[in-house]
Amino acid sequence: MKHGAGEQFRSSRRDWCERHFSGPALFAAGLCAMPALLFNPSLAGRALQFLFFWALVLLMGKKSNFPAALLVILGIVFFNLLFPYGEVLFSIGPLRMSSG
C-alpha cells in the first residue's frame with residue numbers, strides 16, 4: 001500500500017502549507033528565528049527550540065529523517081571536541097573538555 005491514510009493526511013498538510021506560506025516568507029521566518037537558536041546560552045533551551053522547529057517541520061507535512069539528523073548532531077559535537085579552546089576542565093584520554 002503506497003498511499004495510506006497517514007500519507008494522504010501529510011500530503012494535504014503539505015499542500016495547505018505550500019498554498020499559505022511562500023518560500024521567501026519561510027526563508028525570512030528562518031532568518032528571524034536563527035539568532036534565538038544561535039545565541040541562546042542554555043543547552044536545554046536550544047534542545048527545546050530544536051524540538052519545536054522539528055515539530056513545525058512535521059506539522060508542515062515534510063518528511064524528516066531522525067537517524068540522519070542525529071548523526072549530523074553527533075558529528076558536529078565530535079569535531080568540536082577535537083579542537084578544544086579555553087580552560088581545560090577535564091580530559092578523558094586524548095580528548096579534553098574545555099570551557100569554550
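In these legends, Ala, Val, Leu, Ile, Met, Phe, Trp, Tyr, Cys and Pro count as nonpolar, Asp, Glu, Lys and Arg as charged, and the others, Gly among them, as polar. You are looking at a predicted model, in which local features need pLDDT of at least 70 and side-chain atom pairs count only at pLDDT 80 or more, while totals for chains, interfaces and linings use all residues. Residues are numbered from 1 along each chain as its sequence is written, and side-chain values use heavy atoms, leaving out hydrogens and water.

**View 1. Helix 2 meets helix 3.** Helix 2 brings Ala-33, Ala-36, Leu-37 and Leu-38 to the contact (heavy atoms within 4.5 Å), and helix 3 brings Arg-46, Gln-49, Phe-50 and Phe-53. Sorted by class, 6 of these residues are nonpolar, 1 is polar and 1 is charged.

**View 2. Zooming in on Gln-49 of helix 3.** Leaving aside residues up to four places away in sequence, Gln-49 touches Ala-36, Leu-37 and Asn-40. Phe-21 lies 28 residues from Gln-49 along the chain, and their C-alpha atoms are separated by 21 Å.

**View 3. The second largest pocket.** A pocket is an open set of points on a 1 Å grid over the protein atoms alone, where a 1.4 Å probe fits, with protein on both sides within 12 Å along at least five of seven lines. This one holds about 350 Å³ of space. Among its 13 lining residues (an atom within 4 Å of a point), Leu-26, Ala-29, Gly-30, Phe-53 and Leu-56 are the closest to its centre. Helix 2 gives the most to the lining, with 6 residues. The lining has 12 nonpolar residues, 1 polar and no charged ones.

**View 4. Strand 1 and strand 2 form a hairpin.** Strand 1 (residues 88-92) and strand 2 (residues 95-98) pair in the antiparallel sense over 4 bridges; pairing takes at least two DSSP bridges, and a strand is a DSSP run of E with at least two residues. Here Phe-90 stands opposite Met-97, and Val-88 has Ser-98 as its bridge partner. There are 2 residues between the strands, and Gly-93 takes a positive phi near 60°.

Conventions
Axes fitted to C-alpha atoms, helices over the stretch in contact; angles between N-to-C directions. Points joined across faces, edges and corners; volume = space filled by probe spheres on them.
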